[in-house]
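Subject: Handover of a structure, with notes

Dear colleague,

I am passing on the structure below, together with some notes that I hope you will read alongside the coordinates.

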Amino acid sequence: MAIIGEYIWIDGGEPTRKLRSKTKIITSLSNDHDVSLSDFPAWQFDGSSTNQAEGNSSDCLLTPVRVCPDPVRGLGAYLVLCEVGNADGSPHPSNTRALLRSTLETVGEATDAWLGYEQEYTLYDGSRPLGFPSERRFPAAQGPYYCGVGADEVYGRDLVEAHLEACIEAGLSIVGINAEVMPGQWEYQIGGPGQGPIKASDELWISRWLLYRLGEEIGISATLDPKPVPGDWNGAGMHCNYSTADMRAPGGIKAIHSACDKMANHINEHLAAYGSGYEMRLTGHHETCRYDEYKYGVSDRTASVRIPALVAKEECGYLEDRRPNANADPYEVANVLLKTTYDLH
Ligand code: ADP
Ligand code: MN
Ligand code: MN
Ligand code: MN
């Protein structure tokens with residue numbers, strides 16, 4: 001039998017990396033073959049077209065690292081997430097997954113972190129967010145849109161539902177969706193309990209690919225712009241929910257406070273990993289804390305880091321770093337959280 005692999009990788013785009021993919025057909029597998037990662041050989045691509053190499057030495061390597069069913073093409077098709085390498089096999093400088101792997105190796109047996117991302121995004125029809133009338137007019141002020149229902153309040157649900165279904169079919173750890181505060185803005189949550197940093201981050205990148213790809217079908221584009229509309233409109237973030245075994249164990253609130261205090265000593269390292277344009281989103285308004293202030297608090301959506309009310313009550317659980325932008329690279333976000341909590345700066 002033949003199978004189809006859509007090889008997906010992250011490019012060298014500045015300041016924000018983007019997804020690329022191309023298709024490989026793999027033949028001569030026996031009919032009863034159980035497809036797994038090892039069926040997908042390494043491959044290469046033209047790095048001079050992705051800001052990852054010069055034209056005179058353009059080959060970059062693709063090493064498959066995670067495979068899942070491809071819900072777009074269906075039976076016999078797979079999505080194959082890859083790491084990018086230099087021609088000599090070493091990790092490419094743009095390969096932040098390799099950095100996260102090496103941090104996890106340093107942490108060693110203590111690696112018991114779980115990551116849950118809340119990916120916000122904005123749907124566009126042409127150059128306007130869905131729900132924004134054309135010709136410089138604006139919809140009614142924010143208020144009714146968050147978790148709203150009705151054709152006058154939410155826009156793009158068809159794509160949102162198709163994306164949810166595709167993520168489930170692909171076996172990704174998606175755990176929820178909701179309409180956001182600005183019209184045309186949505187969120188899904190991926191990762192969470194039991195999901196380690198690499199798996200949660202891989203699945204987030206694959207889910208982003210699916211969102212863009214499904215948008216093609218109906219001519220709607222999803223963007224991760226952190227502040228799509230200036231003024232009194234919410235930006236788009238990627239809150240990161242993070243826990244270690246210490247935080248989850250009885251009395252873990254101590255470890256949560258300790259992690260929050262450590263973060264206060266590394267504000268700039270964190271911001272550098274939280275996506276381009278964070279100054280525009282982290283203004284101190286619209287449920288954010290100013291980027292150059294740092295505070296944490298229970299149930300506080302104006303803080304940089306929120307400790308959920310239930311976690312405070314049970315005295316264990318997780319923390320929510322509210323600072324990462326929608327366009328942040330989850331490998332970088334996970335990496336800096338681990339480095340801070342395990343004192344590796
Ligand atoms: P809110 O919008 O109130 O901030 P969400 O429900 O959107 O909260 O997101 C909460 C996220 O926290 C979910 O993705 C969930 O999987 C994740 N989560 C829950 N428990 C843990 C945990 N112990 N460690 C890491 N992430 C967690
Ligand atoms: Mn949420
Ligand atoms: Mn949200
Ligand atoms: Mn949140």
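The notes that follow take up the metal sites, then the ligand, then the cavities.

This is a predicted model, in which local features need pLDDT of at least 70 and side-chain atom pairs count only at pLDDT 80 or more, while totals for chains, interfaces and linings use all residues. Residues are numbered from 1 along each chain as its sequence is written, chains are lettered from A and ligands numbered from 1 in the order in which they are written, and side-chain values use heavy atoms, with hydrogens and water left out.

Metal sites

The manganese ion (ligand 3) has Glu120, Glu180 and Glu187 as its protein donors, each through OE, lying 2.1 Å from the ion; donors here are N, O and S atoms within 2.8 Å of the metal (3.2 Å for Na, K and Ca), and since water is not among the atoms, sites may look incomplete. Along the chain, these donors follow the spacing E-x59-E-x6-E. Glu120 belongs to strand S6 (residues 114-125), whereas Glu180 sits in the loop between strand S8 (174-179) and strand S9 (185-191), so the pair ties together parts that are 60 residues apart in sequence; strands (E, at least two residues) and helices (H or I, at least four) are DSSP runs, numbered from the N terminus.

The manganese ion (ligand 2) is coordinated at 2.2 Å by Glu118 (OE) and Glu187 (OE). Here too the pair links distant parts of the chain, with Glu118 in strand S6 and Glu187 in strand S9, 69 residues apart. Glu187 bridges the two manganese ions, ligand 2 and ligand 3, which lie 3.9 Å apart.

As for accessibility, Glu120 counts as buried at 8% relative accessibility, and Glu180 is buried with a relative accessible area of 7%. Glu118, at 13%, is buried, and Glu187, at 5%, is buried as well (buried means under 20% relative accessible area, exposed over 50%, and partly exposed in between, with a 1.4 Å probe and protein chains only).

Ligand 1

Ligand 1 is surrounded by 15 residues, of which the closest are Glu118, Glu187, Ser243, Arg306 and Glu320; a residue is counted when one of its heavy atoms lies within 4 Å of the ligand. A polar side-chain atom of Ser243 lies 2.8 Å from a nitrogen atom of ligand 1, while oxygen atoms of the ligand are approached by an N or O atom in the side chain of Arg306 at 3.2 Å and by a polar side-chain atom of Asn241 at 3.3 Å.

Cavities

The structure holds 3 cavities of 30 Å³ or more, a cavity being a set of points, on a 1 Å grid over the protein atoms alone, where a 1.4 Å probe fits but cannot get out, with lining residues having an atom within 4 Å of a point. The largest cavity contains about 90 Å³ of space, and its lining includes Ile10, Gln52, Arg97 and Tyr331. Strand S5 (77-85) and helix H1 (96-107) are the elements that give two or more residues to this lining, and S5 gives the most, with 4 residues.

The second largest cavity holds about 40 Å³ of space.

With best wishes

Terms used: 1 Å grid on protein atoms, 1.4 Å probe; cavity = no way out; pocket = protein on both sides within 12 Å on 5 of 7 lines; lining within 4 Å. Points joined across faces, edges and corners; volume = space filled by probe spheres on them. Polar contact = N/O pair within 3.5 Å; in protein donor to acceptor, adjacent residues only side chain to side chain.
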